[in-house]
Amino acid sequence: MSLAWAQSPSHRRWLDAEFGRLLDFAAASAHPDGGFAWLDDQGVPDIGGPVQLWITSRMTHVFSLGHLVGRPGAGPMADHGVAALRGRFFDDAYGGWYTAVGTADASAARKGAYEHAFVLLAAASAVAAGRPGSGVLLDQALAVHEDHFWRPSDGLVVDVWDRTFTDLEPYRGVNANMHAVEAYLAAADVGDAPVWRERALRITERVVNVWARDNGWRIPEHFDESWQPRLDYNRDDPAHPFRPYGATIGHGLEWARLCLHLHGALGADAPTWLVPAAQDLFDVAVADGWCADGADGFVYTADWDGTPVVRSRLHWVVAEAIAAASALRQATGEDRFERRYRQWWDYAATHLLDHAGGSWWHELDTDNQPAATVWDGKPDVYHAAQATLLPRLPLAPTLAAGLSEGRLDAL
């Protein structure tokens, strides 16, 4: 095959322009009271609605990346996010961060590992970007993960606490652990704390090398408090945005990429199973998800035999497919991953990029038309933005650390 797209100057310019277009869209989400608001299809912020911790953290991370690549105005936007995370979202009485602010909903006071993983990622990226106050935020986030979420006896993180960190839900989930791996690798890179890299490996060993391997590379997502899989969980609510029933196609792709980042981070100490496991996760997710019902696009979820369940096409799955294909091309040199990378960027450009309203359509129906069954609006640009940067960086260190070390386009 000819030169990989990620090494082509013209493709790199296209990726850079797309990253800038996403940042321009996301800038409208800055909430006047702090944090980042949910955006509708036209990029109008929901100022009167609750401000979500996961969105604020993701946007703080993305704007930190924007600052690191030299986008004027991105640094102050990252500062806006850091200030909200140190201010209105932080629970001074009990520690940790509220799930949402600007709402009277009691569930907003819960403390979830999923959201707290993004706080840690945001803090690590802001530290790499040299943003004021980010060091304190990173120390706070690491302490909360250490004290409340990381369970050494399990080698995993627990999921959802009440506000006081007294009552723990019996539910255990892999989604929170996946994003903990991402955040722990980032924290290890900026904080010179290899223990978090070791914890990322322990999580990945359990999720990938045991549960996924033993289940035909379809990852069980939901568990009880003894870490026994609940394969029927949410069968009656299969399109849940965070806890869907069955195998989540995008998570198979995302875990494949994380295995490769972990392999790169560990260097000579990396287990030999990480790269083959990444390929197996990728191959099964693609076989189950891509064009699974005869039309272009990835279905959202599949049953445990690979049959499509929720056939909506979500933008983040394509973004993760692009990033995983690029990472596997880099790790293995195999041309088949380059072909997939090009195919999925073509799909994104044809169906997902919204040049009229901005950003990417977050959900398409089975005819690849905009839909809102799982998601409404365009709440954040995290997955799409990362898809424009990851192909231009080595597998290690993590995104923000790699940008801060000048590794962009240094492949």
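These notebook entries record what I looked up in the structure.

**Basis.** I worked from a predicted model, in which local features need pLDDT of at least 70 and side-chain atom pairs count only at pLDDT 80 or more, while totals for chains, interfaces and linings use all residues. Residues are numbered from 1 along each chain as its sequence is written, and side-chain values use heavy atoms, with hydrogens and water left out.

**Overall form.** I found 13 helices and 12 strands in the chain; these are DSSP runs numbered from the N terminus, helices being H or I of at least four residues and strands E of at least two. I noted a C-alpha trace spanning about 55 × 50 × 45 Å along its principal axes.

Of the 411 residues, 60% are buried, that is, under 20% relative accessible area with a 1.4 Å probe, protein chains only. I then looked up contacts (heavy atoms within 4.5 Å). Among those between residues at least 6 apart in sequence, 64% join residues at least 24 apart.

I examined helix 10 (residues 315–332), whose 18 residues reach 26 Å from first C-alpha to last, close to the 26 Å expected at 1.5 Å a residue; the expected span is 1.5 Å times one less than the number of residues. Because 15 of its 18 residues are buried, helix 10 is largely enclosed by the rest of the structure. Just after helix 10, Gly333 takes a positive phi of about 75°.

I placed Gln279 in helix 9 (residues 274–289). Gln279 is buried, at a relative accessible area of 17%. Leaving aside neighbours within four places in sequence, Gln279 contacts Leu328, Thr332, Glu334, Arg336 and Phe337.

**Backbone exceptions.** Most residues other than glycine have a negative phi, and most peptide bonds are trans. I recorded a positive phi of about 60° for Phe165, in the loop between strand 6 (160–161) and strand 7 (172–173). Phe165 is buried, with a relative accessible area of 9%. Trp227 also has a positive phi of about 60°; I located it in the loop between strand 8 (222–223) and strand 9 (247–248), and Trp227 is buried at 4% relative accessible area. Finally, the peptide bond from Ala396 to Pro397 is cis, with omega near 0°. Pro397 lies in the loop between helix 12 (382–389) and helix 13 (399–404).

Notes
Buried means under 20% relative accessible area, exposed over 50%, partly exposed in between (1.4 Å probe, protein chains only).
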